[in-house]
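Please keep the structure open as you read.

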Amino acid sequence: MDVPIEYLDAKRYPDKHHLARMKRLLMDKYRGKKIDVIIALDDAAVEMLTDDHPALFPGIPIVFAGITRFNKYAHRGRDRITGVLETQDIKATIDTALRLHPETSEILSISDTTVSGISAQRMLEAIMPAYGDRVKIRFLPKCTFAEARAAVATLPTDSIILLNSFTTDSAGNTLSTKDSTRMIVSATKVPVYGVHENRLGDGIVGGYLVSGREQGRRAADIGLRLLAGENPDAIPIEESGTALAMFDYKQMERFNISLSELPKGSIIINKPVSVFTTHREFAITITAILIILAIAVLLLAFFIVRLLQTRAALGEKTEELDRIFSLSLDLLCVTSLDGRLIRLNPAWQNAFGYRLDELEGTMFIDLVHPEDVARTNKVNELAASKKVIDFVNRYRCKDGSYRWIEWRSTPYQGSLIYAAARDITERKQSEEKLRHLSEAWRLAQKMANIGHWSHDVETRKPIWSDQMFLILGFDPGKTIPDYKTFIETLHPDDREMFDEAFQRALSGTPFNIEARAIFPDGSIHWFNSQGFPRYDGDGKISELFGTSRDITAHKQAEETLRFTQYAIDKTIDQAFWMTEDGSFFYVNDAACRALGYSREELLKLSIPDIGPTVSLESFTEHWRDLQEKGSLTFESLHRARDGRVYPVEIRANFVVFDGKAYNCAFATDITERKRMEQSLRESESFQRALLQTIPDLIWLKDPNGVFLSCNAMFERLCGAKEAEIVGKTDYDFVDKSLADFFRERDSMATAAGKPISNEEWVTFADDGHRALLDTIKTPMIDNQGELVGVLGIARDITERQKAEEEKSKLENQLRQAQKMESVGRLAGGVAHDFNNMLSVILGYGELALAQTDPALQLHAALMEIVKAAQRSADITRQLLAFARKQTIAPQVLDINKTVAGMMLMLRHFIGEDIDLAWLPGEAVWPVMIDPGQIDQILANLCVTPGTPSRMWARSPSKRAIRYSMRTIAASTSGSGRVNMCCWPSATTAAAWTPRS
């Protein structure tokens with residue numbers, strides 16, 4: 001690559017005549033020569049190239065650097081120009097200087113009248129208002145170098161100097177940057193700061209210095225891109241600054257500036273450090289190299305002798321061959337078959353830095369890169385193959401670096417090898433850099449999801465990067481689709497728009513549009529495509545090129561953002577975004593409606609304006625709490641525009657967006673909820689009072705058997721208050737066996753999934769009484785079907801049980817009485833019939849007795865018949881009395897005789913399991929009573945259910961009971977009633993009222 005350099009020397013000779021002469025010189029010098037790209041440094045070069053661009057290098061791409069503004073050149077009509085702006089950070093330099101020298105009261109700015117100096121002065125004038133009364137900034141008037149030295153020598157100690165471009169004085173004298181810097185620094189005792197890197201090291205303290213090296217590197221990168229075929233008009237001008245914080249350690253010591261005061265990441269020169277401390281490996285390597293070089297020198301001394309001998313042997317070559325050999329720009333050499341260098345031309349010294357006498361006599365292979373030794377050893381095949389061999393390897397320079405060499409060698413006369421070589425290092429570096437750039441470009445496209453394309457106007461052949469296939473839904477492994485196929489894959493609504501933009505680009509109009517591609521699976525993807533025309537040497541459009549980027553996610557994010565904004569605006573909750581000072585940043589429609597303000601009015605207010613209980617101090621405390629916890633939920637009050645105050649529930653969230661903190665809060669009007677909560681509390685209070693007054697026992701357990709609640713009756717059972725019961729289990733109040741029973745019934749109810757009931761005897765702990773409880777246990781299930789507990793309800797049924805037993809007794813007695821009544825009716829019927837027959841027997845017996853002589857034996861027999869009939873009549877009468885069907889006929893009776901007559905029948909009635917004893921009393925009064933009533937009384941005492949005889953007879957342990965009856969003398973009460981007692985072992989009393 002040929003890179004000629006032309007030095008305009010505009011700093012030394014800034015007049016227009018000099019630049020005009022330079023322009024004519026360049027036009028004549030490069031007329032007819034092909035120039036691929038021009039790199040223009042500083043304003044003078046850009047001024048000359050843009051001022052008369054039709055005549056000076058027309059149409060050649062230009063890359064500029066070292067200028068602060070391009071606007072003044074852009075309107076001159078020169079195209080195909082781009083570059084890097086020299087952005088000075090004067091403000092950062094001044095701020096740093098004032099911080100390092102806080103006592104400073106004045107800044108003296110020094111600059112000349114060159115284009116660069118005037119530009120720097122204008123930049124400083126633009127930022128001067130920012131310093132106000134902080135520091136006085138003044139400019140050094142036009143003067144000579146001597147006057148400038150005198151001016152800075154008298155500056156007070158609280159001053160600093162800002163040295164910009166100052167290489168030309170008012171008299172036209174010029175100095176180099178280094179000399180002008182040293183002139184100012186040597187004349188003054190105050191700190192000097194600069195804005196250019198090339199002044200560092202000559203006495204300035206430092207500052208944010210523009211790096212010419214960095215500008216040159218960036219300009220060179222753009223130049224390589226232009227050489228690779230990019231359009232300069234498509235490369236944006238780089239405006240990012242190249243100023244870096246740089247300082248001179250020696251000057252820092254002079255003005256007592258510590259390292260800790262410098263900006264972070266500052267570059268410091270002249271800092272005294274040990275090489276072995278900072279570059280230990282480097283120092284060791286250099287030492288080793290020096291040792292190796294010393295050895296190499298000794299070896300070379302030996303080889304030089306051999307080389308002189310070889311040169312003497314080759315001295316027979318003709319002078320013409322020597323001249324050609326010496327003047328060749330390529331590397332020429334002659335070696336022996338074993339690879340020892342015999343003769344080399346001067347190009348070797350230029351290429352590798354060795355003197356020719358240092359190389360002659362050395363082995364060719366000794367300077368080859370270790371990785372290339374195997375490939376280079378093919379030279380040994382020359383002697384036998386007798387042919388030309390081309391190869392490439394790396395050769396070591398004297399400074400230790402390696403350069404790429406392309407070789408062509410051939411044997412000669414079986415003893416020598418002639419070789420010609422060319423240094424291709426620059427080409428290799430360009431190829432490697434281009435390869436890295438291509439790979440970086442490919443990876444950048446993949447990471448950014450950007451593809452590039454081109455379209456040849458003449459052949460209509462497209463070229464796509466791999467990413468283009470993926471962006472548009474094509475298979476990278478297949479051929480690139482033609483333009484028609486590509487258009488058909490677009491959304492029908494976008495095809496005409498894209499085609500029109502593409503056709504305009506063919507006429508020279510770039511495009512930047514968004515369209516939709518339909519993938520093979522039917523999905524739709526958005527992409528952004530840009531296209532630019534590229535012109536050939538004749539100014540005609542030769543191709544279109546551009547990029548495409550997948551923006552589907554961006555489009556979806558935009559749609560989501562619009563939907564989210566709409567949802568927040570329309571949500572029923574009141575939304576507020578507040579800053580740290582309590583002012584509103586955003587409110588939604590619901591907030592405006594609830595408070596009665598328009599959005600514009602509400603955004604002018606702050607939180608204390610709508611929160612009657614909130615002050616700025618309390619909001620500051622709330623902000624700190626929210627920042628610590630991230631989110632808060634609490635209740636507060638809002639005051640509407642009409643003065644109405646209503647309760648709200650606020651859900652506040654701490655949000656940081658775009659580096660700024662916000663309180664994002666949602667408020668819900670809970671007026672109705674508060675009313676319902678009050679109503680619910682009242683309802684719960686009523687229900688609890690109702691629950692406590694219910695006479696039944698009620699309790700609630702969780703699934704583990706722990707009591708959750710109970711009423712007053714249950715408190716009596718446990719002998720404790722509800723607060724003492726809640727949280728405990730059955731095992732805390734009853735013995736283990738009963739507690740196990742209770743838990744078993746709980747488990748049965750849970751397993752059944754429905755209420756179950758049982759009866760159980762319990763003892764109340766408050767007074768110790770026992771009661772029979774009818775208990776119902778019901779599993780409690782929530783809305784999700786999960787078991788939350790077991791509800792128990794028990795009712796005391798002790799009295800009901802006793803009533804049921806009494807009822808059962810009465811029913812048994814009724815059934816027995818009904819049976820006896822049936823027996824009586826039967827006995828009555830039989831007695832009537834039997835009595836009729838006895839009447840016949842007695843009648844005929846008495847007639848027979850009347851007609852028979854008492855002295856006859858027959859009379860005695862008839863008498864017995866009549867007696868038996870009378871006794872049968874007595875029995876019949878007793879049966880009729882038992883059946884209560886005999887007419888009452890009182891008569892005076894001997895009670896002992898009457899009872900004795902009933903003994904036989906009573907024994908039949910009471911059964912064989914009871915022994916009936918009759919104990920008649922003495923001196924018993926006669927009684928006037930119907931004999932049937934006496935029979936009925938005795939029958940009731942002996943056979944009625946419930947009497948002691950009957951109850952004892954039913955008991956298996958009371959068999960063979962002796963039942964005795966006794967009569968005693970009657971007594972008369974004051975009322976005229978006669979009492980007679982007849983009792984068994986337990987006394988049973990009956991009373992009669994005598995007839996008068």
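Which strands does helix H20 lie across? Helix H20 (residues 492–506) lies across strand S16 (450–456), S18, S19 and strand S20 (541–550). The model is predicted: local features need pLDDT of at least 70, side-chain atom pairs count only at pLDDT 80 or more, and totals for chains, interfaces and linings use all residues. Residues are numbered from 1 along each chain as its sequence is written, and side-chain values use heavy atoms, leaving out hydrogens and water.

**Sheet**
- The open sheet has 5 strands in the order S17-S16-S20-S19-S18, paired antiparallel.
- Strands (E, at least two residues) and helices (H or I, at least four) are DSSP runs numbered from the N terminus; strands pair if DSSP finds at least two bridges between them.
- Strands S17 (462–464) and S18 (511–518) are at the edges with a single partner strand each, so one side of each has no neighbour in the sheet.
- S18 pairs with S19 (residues 524–535) over 8 bridges, in the antiparallel sense.
- Ile513 has Ser529 in S19 as its bridge partner.

**Helices on the sheet**
- H20 runs at about 145 degrees to S18.
- Helix H21 (residues 552–570) lies across S18, S19 and S20, at about 125 degrees to S19.
- Contact means heavy atoms within 4.5 Å.
- Angles run from 0 to 180 degrees between N-to-C directions, with axes fitted to C-alpha atoms, for helices over the stretch in contact.
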